[in-house]
Amino acid sequence: MKRLLYILLSLAVLAQVYLGVEILSNKERSKEHREELVEISKVKYGIFNADEWRVILSDIISKKIDELEITDENRAEMRQKIQEMLYRAVDIVEREFREENSSGIGGFINRKGASLFGVFKQIRNSIPEITTDVLNYLEDPEKRSQLKDFMRKKIARYEEETFAETDYTLYNKVLKQYDAENKEVAQKRIREKEKELESQVFYFIIPTALIFLFMLLITVFYKKHNRWSLALIIVYAIILLVLGVLVPMIEIDARIQELSFSLLGEKVVFTDQILYYRNKSILEVVEVLMDQGKPDLIGVGILVLTFSVLFPVSKLLCSLIFLFREGARKNKFVRIMIFKSGKWSMADVMVVAIFMSYLGFSGILTEQLKELENVSSLIDILTTNYSKLNEGFYLFTGFVILSIFIS
């Protein structure tokens, strides 16, 4: 019976090593694809990008120019608008004329002369005739074509003069890597690769869960453990711990899934605009904290590293030493690490903290995104919180549960 147990435990450990390597490999590649997808979906290339708005406005204005026609239905409306515009222009010119000639003998003469000859009155009386000339000009197909060409050239010039100080290096690199002519094509191809990798991870996670259940049942219900069976279980716990700190734990993803509104009668739509994204493992969080260079953040990074990595690894290694070295059983450090350090272990607290952080971030993002949806009734905004717990969280939780029963 013991020999069969050793064989099963050994196979479980070896299988978990293989599964762990595959999980790490696939998650790393999946993370790379995910970050590439996030990069080209950031709001700095979309809603908050002047280049994007330049193209949108140019297309809309060009379309409106092409639609510029005078018909029996809109002739009266256009006549009224042109007349109103001309009357306003004359009022502005008259007001500025009077302001410029408000003082001095020369100004007095100019004002009296304009009033005597009724200059501005004559201009106003001529506005209906001028309006007719403008409409006739616009109705001439040749003149209308010239006007459209002139307006397009102006738009093209303004378009060339309008640009965003945005670094497109990474954006263009992703498009080139996936041989995509635009963002939409690149997004589709990246999602296909990411979906394939996530499917492979799922197929490795299922046997990992079954192995964990088997090891947990053996640890709890088998009553005749010896040093070899315990050693194999401890080695398995170390593997879980390594995976738990290397595989990403939390993915925070807040985005505007769709934003649509009407501009000059044309519908403008932005999709998949990522506002915030983070996908980190425990060790990556520690690295980020250390790189900040601030004493308080470095202190937090050291605490996280100590209680989530160094402390549990030391405890498990001391347990192995205790099992196979008689002299180590009297060593105070080893005995403290194994029998007295439980109350100082922060592994379980770390799991709870990560879980609560996830809930907190998720709740905050959801509430803030809902506020964004209520900005205006004229703008349709569909926001999404794609935050989720990743495989690293469950692997680390598995280690914590197993280590409790090992103790």
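Buried means under 20% relative accessible area and exposed means over 50%. The model shown in these views is predicted.

**View 1. Asp179, a loop residue with positive phi.** Asp179 lies in the loop between helix 7 (169-177) and helix 8. Its phi is about 50°, although Asp179 is not a glycine. Most residues other than glycine have a negative phi. Asp179 has 63% relative accessibility, so it counts as exposed.

**View 2. Asp272, a strand residue with positive phi.** Asp272 sits in strand 2 (residues 266-280). Its phi, too, is positive, near 50°. Is Asp272 buried or exposed? At 15% relative accessibility, Asp272 counts as buried.

**View 3. Helix 5 and its kink.** Helix 5 covers residues 119-139, 21 residues in total. From first C-alpha to last it reaches 30 Å, close to the 30 Å expected at 1.5 Å a residue. A kink of about 45° lies at Ile127, shortly before Pro128. Ile127 is also buried, as are Phe120, Thr131, Leu135 and Leu138 of this helix.

**View 4. The largest nonpolar core.** This core has 44 residues. Tyr236, Phe396, Phe399 and Leu402 touch the most other members. Elements that each supply at least two residues include helix 1 (2-40), strand 1 (250-263) and helix 14 (391-406). Helix 9 gives the largest share, twelve residues.

**View 5. Contacts of Leu402.** Leaving aside residues up to four places away in sequence, Leu402 touches Phe212, Met215, Leu216, Thr219, Ile233, Tyr236, Ala237 and Leu240.

**View 6. A second, separate core.** Ten residues form this core. Among them are Leu37, Tyr171, Ala186 and Ile190.

Key
Residues numbered from 1 in each chain as written. Predicted model: local features only at pLDDT ≥ 70, side-chain atom pairs only at ≥ 80, totals over all residues. Heavy atoms only, no water. Helix = DSSP H or I, 4+ residues; strand = E, 2+ residues; numbered from the N terminus. Expected span 1.5 Å × (residues − 1). Bend = angle between axes of the 7 residues up to and from the residue. Buried < 20%, exposed > 50% of the residue type's maximum accessible area, 1.4 Å probe, protein only. Core = buried A, V, L, I, M, F, W, Y, C linked by side-chain atoms within 4.5 Å. Contact = heavy atoms within 4.5 Å.
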